[in-house]
Amino acid sequence: MMADTKSESVVLPLVARNVKTASAASSASTSDGADFIICDTGEEKHVDNHASSMFEDVKIPIFVKPHLSGNGITLDDASRWIKYGASGIVIELKDLDLFTDGLLNQLFSTLSASTKDTKVERGIPNKVRLEEMGNDSFRNERVAGFLKLEDKEKQLIETEKVVLLEAVNVIRKAAPQMEEISLLVDATSQIDEPFLLVIVGEFNSGKSTFINALLGKRYLKEGVVPTTNEITFLRYSESDSDEKQRCERQPDGQYICYIPAPILKEIIIVDTPGTNVILQRQQRLTEEFIPRADLLIFVISADRPLTESEVAFLRYTQQWRKKVVFVLNKSDIYQNDLELQEATSFISENVQKLLNADNVALYPISARSALESKLSATYESAKEYTNLLVSDSRWRVSSFYKLEKFLYSFLDGSTSMGMERVKLKLETPIGIAERLVSACETALRQDCEDANQDLNTVIGIVSSVKEYATQMEGDGISWRRKILSLVDTTKSRVVELTESSLQLSNLDLVATYVFKGEKSATMPTTSRVQNDILGPALLDANKLLIDYASWLHSSNDGQGRLYRESFEKRWPSLVYLNTQMTLERFDLLRKLDEQCLKVIENFSASSASKMFDQEIREVFLGTFGGLGAAGLSASLLTSVLPTTLEDLLALGLCSAGGLLAISNFPARRQAVVNKVNKAVDALARDLEEAMQKDLLDTITNMENFVNNISKPYQEAAQSRLDKLLKMQDELSAVQGRLRMLQIEIQNLHAS
């Protein structure tokens, strides 16, 4: 029973006591039931006044809360608390910035070393103060339970790289010929590189002078003609020599110049050809580089603000939704503040309309004045440099110091502007990816429509066989009418011959059949049926049926070629693969038993004539065969005497049997006619059924042929459509991940 029970975890609260003196700490540990103590040292910073008694008497954990004034706490004091036995140091959230990784590493390194020797060494305090560790340290590294700003960036960067790599692969599959994919590849590879600050503007707007003013020296050539022919990257490089810069030409024609300018430690400045250069190749270079920019600085010359080429270029930049900071250079040409205000208002209002933006960042400056001021000034510290920014009239008037202040705050990750820089950096490749994915989706939608149309076209061609069948059946009726007309004509002639032959007035014919009987040779009637009626009719029917079979073959051949040409014209890429197969399947069209011709072949004119002769013979013998010579003579007289008196005389001479035979003769004659009609109608039915079967076989052959030759095309169209739909799903998934990533980036904030 005990083994089967499960104990429940019990969580008990810990009790802490805040104290300021050693005696209070001792009392709290013994009588107040505290689990640990937080000791506030107050204004007194040195350890010696508290440590000796407190840490010897108190046996529970003690956490020290040192006083952090504007001058900070010395590393020596902080480390001594740890050495004396403090379990930790308590600080408030507002003081987190004072504790960097560097300081904590030193503290715990001191603690590790002190465990070997617990004796407290009371030496000269270390004069290194927290604030002297450098503001840059605590701005770039945050600890105390929160992710460091760089850690957030790194996490997003790694996630973004994975998503962007997936986007690259999907885009390459969706649009293998898309050249812009190189933009995304480059932006992805540069995501963890320094911020890319791209300087654009017309030639002679002062771009090179502006960059030199930022760098503090004349590193770039300046002039009234275009001086930048290629994309030029300005990167930081330490240099102890007097060499201003070192440039290297890359295989893609771009230049990388290494310059010992401090601002380049945080960013890469990109100098571009003018937006209105004469050589279109140079303008194309600038336009193609825009998507890779993290931030655009658009340099406008005060003597020609917002030219036509500048407006066109701004419209182009908005395809990539780039953040643009505008610099109105040469603003010192204006005579007074009113002129300057009019110019800045003109630019701001028009740019707001162009970019559909609420606010426009515009800095009126004089890059040349700022550069000259920097070149003439000497300063040894950052403080002197800052003072120079404010005090020098040339900078102050030109607002160059405001621009530099903006840029430096933009590079500081602990500020809202610095966080904006982080977001822009991370959003640059995402913006490129979204645009390329959107372009792929647009192209894929069209491709899906084309593939679906191809599939419907194949299905339509296959379905059109029904129309062909309907047409063939209509034409087949005409052919059957022709053959039935021929049969009816033949039947009429045979019936006419029958009725004319079976007449009592045919004395010679009657005498021949009655007196000669079975020994008689071929009669004239038989010869007429075979040679004059059935023989020619069979020849005509055979010729007509041969033409009918030829029509079936030729119709299928012609229509089959039309179907084949329809497929080949629509999908020429599959022609070679299907040529042999199509030739083999063309034999299917010609496969026909030609049942109608077999019906004619199986009909014998000689046999039919003999049967007809036999029927005529039986009628005469059945009528006159049992009569004597007198009776036969009287019967014949009845049929030949012209007058009623003569008929009566003949009948008087006839026997009773002759009269009976004569009265049955019309019925016997009609029976022969009926037999002729029945035999001919049976032949007509056989011919019609055979012709219908041949027609249906022909149509079936066509259906099988079209189904067979359409199968590769239909499978290709369906396969293409399935791949495109799958590609659409992959693009949608990537786009969804890009949007989620963008939301995460937007949720970044300075801590």
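**Close-up views: a cavity, a disulfide and a helix**

**View 1. The largest cavity and its lining.** Ala 187, Gln 190, Ile 191, Leu 196, Arg 292, Asp 294, Lys 425, Thr 428 and Pro 429 line the largest cavity. This is a predicted model, where local features need pLDDT of at least 70, side-chain atom pairs count only at pLDDT 80 or more, and totals for chains, interfaces and linings use all residues. Numbering runs from 1 along each chain as its sequence is written, and side-chain values use heavy atoms, with hydrogens and water left out. A cavity here is a set of points, on a 1 Å grid over the protein atoms alone, where a 1.4 Å probe fits but cannot get out; lining residues have an atom within 4 Å of a point. The volume of this one is about 60 Å³, counted as the space filled by probe spheres set on the points, which are joined across faces, edges and corners. Three cavities of 30 Å³ or more turn up in total. Helix α16 (residues 416-501) supplies the largest share of the lining, three residues. Helices are DSSP runs of H or I with at least four residues, strands are E runs of at least two, and both are numbered from the N terminus. By type, the lining splits into four nonpolar, two polar and three charged residues. Ala, Val, Leu, Ile, Met, Phe, Trp, Tyr, Cys and Pro count as nonpolar, Asp, Glu, Lys and Arg as charged, and the others, Gly among them, as polar.

**View 2. The disulfide between Cys 247 and Cys 257.** Searching the whole structure gives one disulfide, meaning a pair of cysteine sulfur atoms within 2.5 Å. The S to S distance for Cys 247 and Cys 257 is 2.1 Å, and the link is right-handed, with 105° about the S-S bond. Cys 247 sits in strand β7 (residues 246-249) and Cys 257 in strand β8 (residues 255-259), so the bond ties together parts that are 10 residues apart in sequence. Cys 247 is partly exposed at 38% relative accessible area, while Cys 257 is buried at 4%. Buried means under 20%, exposed over 50%, and partly exposed in between (1.4 Å probe, protein chains only).

**View 3. The two sides of helix α20.** In α20 (residues 595-602), the buried residues are Cys 596, Leu 597, Val 599 and Ile 600. They sit on the same side of α20, because they cover an arc of only 155° around the axis, taken from the directions from the helix axis to the C-beta atoms. Cys 596 has 0% relative accessibility. Glu 601 and Asn 602 are exposed, on the face turned away from the buried side.

Key. 1 Å grid on protein atoms, 1.4 Å probe; cavity = no way out; pocket = protein on both sides within 12 Å on 5 of 7 lines; lining within 4 Å.
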